[in-house]
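Open the model in your viewer and keep the selection panel at hand. The tour goes from one stop to the next.

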Amino acid sequence: MSMNPITRKVLVVDDSNTIRKSAAVFLRQGGHDVVLAEDGFDALAKLTSSAPDIIFCDISMPRLDGYQTCAIIKSNQKYAQLPIVMLSSRDGIFDKARGRVVGAEHYLTKPFTREQLLEVVKEFGGKSEEKRNEN
C-alpha cells in the first residue's frame with residue numbers, strides 16, 4: 001500500500017529560464033505546486049502571496065544574489081523557519097559554508113536531477129509547517 005506524497009508549495013528562484021522550467025517540470029511531476037521567480041526581488045515580491053513550504057534559490061543572480069535573498073528572508077521572523085536550498089553550479093566548500101552562514105538548510109549543485117529535487121522537498125518541505133504548528 002503506497003501513500004500519496006504530500007503536496008508542497010515550492011518557490012524556485014533562478015535567473016535561468018531553462019533551470020526554472022526544468023525544476024518546475026520535475027517538481028510538478030512529483031505532485032508539488034510550483035511558483036517561479038526570476039531573481040531575488042521577484043522572489044521577495046512573491047513570498048507573501050505564494051506562502052511556500054520550501055524555496056530553491058540560485059546563488060548567482062543579477063540585482064540581488066541568492067545569499068542576499070536568503071539573508072533577507074531569514075531575517076524576517078515570519079519566514080525564519082522557511083527551508084531554503086541554495087542552487088549553484090559551483091560546489092566548493094566556501095560556497096556551501098557561505099550558504100549555511102546566511103541560513104540555508106541545504107545546497108544542491110547544478111545540474112540537479114528530478115530525484116535530487118524531490119528528495120530535498122521530501123526531507124525539508126515540512127519543516128516550516130512543523131515549526132508553525134509548534135507556535
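Buried means under 20% relative accessible area, exposed over 50%, and partly exposed in between, with a 1.4 Å probe and protein chains only. This is a predicted model: local features need pLDDT of at least 70, side-chain atom pairs count only at pLDDT 80 or more, and totals for chains, interfaces and linings use all residues. Residues are numbered from 1 along each chain as its sequence is written, and side-chain values use heavy atoms, with hydrogens and water left out.

**Stop 1: strand 3**

Select residues 54-58, which form strand 3. Helices (H or I, at least four residues) and strands (E, at least two) are DSSP runs, numbered from the N terminus.

Strands pair if DSSP finds at least two bridges between them. Strand 1 runs parallel to strand 3, joined by 4 bridges. Look for L11 opposite I55. Strand 4 is also parallel to strand 3, again with 4 bridges. Here C57 has M86 as its bridge partner.

**Stop 2: the cysteines**

Select C57 and C70. Are they buried or exposed? C57 counts as buried, at 1% relative accessibility. C70 is buried too, with a relative accessible area of 1%. A disulfide is a pair of cysteine sulfur atoms within 2.5 Å. By this rule the count is 0. The sulfur of C70 is 6.9 Å from that of C57, its closest cysteine sulfur, which is too far for a bond.

**Stop 3: the cores**

A nonpolar core is a set of buried Ala, Val, Leu, Ile, Met, Phe, Trp, Tyr and Cys residues joined through side-chain atoms within 4.5 Å. The largest has 20 residues; L11, V13, L47, I55, I73, I84 and M86 touch the most other members. Helix 3 supplies the largest share of this core, 3 residues. A second, separate core of 18 residues includes F56, V85, L87 and F124.

Center on M86. Its contacts (heavy atoms within 4.5 Å) include C57, C70, Y107 and L108, not counting residues up to four places away in sequence.

**Stop 4: helix 5**

Select residues 114-124, helix 5. Its buried residues are L117, L118, V120, V121 and F124.
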